[in-house]
2 protein chains.
Amino acid sequence: MPLQLSVDRTSPVPLYFQLSQQLEAAIERGTLTPGSLLGNEIDLAGRLGLSRPTVRQAIQALVDKGLLVRRRGVGTQVVHSQVKRPLELSSLYDDLEAAGQKPATKVLRNTLEPATAEVAAALGVAEGDDVHLVERLRYAHGEPMAQLRNYLPTGLLALDTPQLEATGLYRLMRGAGITLHSARQSVGARAATAAEAELLAEAVGAPLLTMQRTTFDDTGRAVEFGTHVYRAARYAFEFQLLVRP
Amino acid sequence: MPLQLSVDRTSPVPLYFQLSQQLEAAIERGTLTPGSLLGNEIDLAGRLGLSRPTVRQAIQALVDKGLLVRRRGVGTQVVHSQVKRPLELSSLYDDLEAAGQKPATKVLRNTLEPATAEVAAALGVAEGDDVHLVERLRYAHGEPMAQLRNYLPTGLLALDTPQLEATGLYRLMRGAGITLHSARQSVGARAATAAEAELLAEAVGAPLLTMQRTTFDDTGRAVEFGTHVYRAARYAFEFQLLVRP
DNA sequence: GTCAAGAGTTTGTCCTGACAATCAGACTTC
DNA sequence: GAAGTCTGATTGTCAGGACAAACTCTTGAC
């Protein structure tokens, strides 16, 4: 009921964003319980000394995140469900780390190779052009988990093997000033080949989860193409998704 | 360059939505080419006889969809990449239909069953309570493609077998006035059991793609829990996802 | 020629105000 | 008692204006 909200007008952080974060924190903390009404926008604006559009912008951000639901004539309610996060472009590294499993990485290859037709098409370069190839084996709890093979255009990023073993590829890219925008993914399954079985300590023919992903930055340039193979017995993709209204 | 834009003020469709749809259509059609500037918001508003907030709302909708990128001091650009759609909560039926493969469905079971512990937990009902069980086999091009098993709480929807064979489950739910809000999914892989192999015309031990999904409506109520099995040789999940800034 | 400063452009944020559409509940009427 | 009807509450849409922040390009200085 108390629900302390306040904004700092001297801060460079936008007002709507401050409000949005405070509301999200209150939901996370349980101060705003699922199903509870938020109180109407006009009052809220008045109490905070903000205008209604600003308050609406803050609320809209949380509606887009799936945390709130608005109903005309009724009000804005906290959605009561196990919303975690609406599927981000996360790396396996981050996923594992978030799950509390300290991931380890072994770089198997880090070279320049001429692009095959498939890679060239995905990255938008000419066939035969040199591209970076990074092949890694990722472990969790000391067990091999996945074989990750990534292709990157040249001249985008310095790929340092020690760094690749210490963190994830996406972090390196973000750190290099590349703003990831979207990705096209394909998730399937197939039986393990002899080489894969050897590498992942599985039997030949064991089911593997496969993922192909092309990632684009905000200029539409393909910045990465990866074909990955996961041990199905050890890993599954978990995600939350929102229906866009 | 011409780019015919106009809004109909007598229409009940919101102005920002009319504009947003026209812009999206122009991008789809190729009239607005990737990388091209959209022209500044003030002018655009003036030319259309709209206010700037309305134009901004229209543009924002497309930015959220990943079709446009805004840059302060530069302008709004059409993102040039193969954006299709940012992963909707789509049913297999819709997916197949969109791919031009006429899907067929055979209902194997449509009964009431007591909920197991797993189903009860997913749907938020008591263990042993009756729930609907719908088991279907889905075909594409006359070939079996997937086994779909769905559990639904009672009293939500009339599950008519002929209707289930004619369309997808999600369409039925939407038609019954249920507004889908979010879903929690898990995608994995495993080897086919003897029963699954028989049903899907695969060999025992063949890799299968598995998906579990719990769907929630906008009140946070679980409205469906499904465990599905796809022939990995015939199907893969394809989707596009956006990085939320 | 190179680098820095400044001007102009464009989006980002925020305000005030107004009316419309929709929903829930109380009220009226039959 | 049941059905329709009205009323109040709340979000949805739209206008117009103002200033701030970030980017690009030109201009100027060295």
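Start by selecting A:Val187, A:Tyr230, A:Phe237, B:Val187, B:Tyr230 and B:Phe237, the residues with the most contacts inside the largest nonpolar core, which has 30 residues. A nonpolar core here is a set of buried Ala, Val, Leu, Ile, Met, Phe, Trp, Tyr and Cys residues joined through side-chain atoms within 4.5 Å, where buried means under 20% relative accessible area with a 1.4 Å probe, protein chains only. The model is predicted: local features need pLDDT of at least 70 and side-chain atom pairs pLDDT 80 or more, while totals for chains, interfaces and linings use all residues. Residues are numbered from 1 along each chain as its sequence is written, chains are lettered from A and ligands numbered from 1 in the order written, and side-chain values use heavy atoms, without hydrogens and water.

Next, colour strands E5 (143–153), E6 (180–191), E7 (207–217) and E9 (237–242) in chain A and in chain B; each supplies at least two residues of the 30-residue core. Strands (E, at least two residues) and helices (H or I, at least four) are DSSP runs, numbered from the N terminus.

Zoom in on B:Phe237. Leaving aside neighbours within four places in sequence, B:Phe237 is in contact (heavy atoms within 4.5 Å) with A:Gln185, A:Ser186, A:Val187, B:Val187, B:Leu209, B:Met211 and B:Tyr230. A second, separate core of 19 residues includes A:Ala26, A:Leu44, A:Val55 and A:Val78.

Now show both chains. Chain A superposes on chain B by a rotation of 180 degrees with 0.0 Å of shift along its axis, RMSD 0.4 Å, fitted by least squares on C-alpha atoms of residues with pLDDT of at least 70 in both. This is the relation of a two-fold axis. To find the axis, select A:Pro207, whose C-alpha, at 2.4 Å, comes closest to it among the residues of chain A.

Turn to DNA strand D. It is surrounded by 26 residues (a heavy atom within 4 Å), the closest being A:Arg70, B:Arg9, B:Leu15, B:Ser51 and B:Thr54.

- A:Arg70, 2.8 Å
- A:Thr76, 3.5 Å
- B:Ser51, 2.8 Å, from an N or O atom

Finish with H3(B), which gives the most to the surface near DNA strand D, with four residues.

Technical notes:
Polar contact = N/O pair within 3.5 Å; in protein donor to acceptor, adjacent residues only side chain to side chain. Buried < 20%, exposed > 50% of the residue type's maximum accessible area, 1.4 Å probe, protein only.
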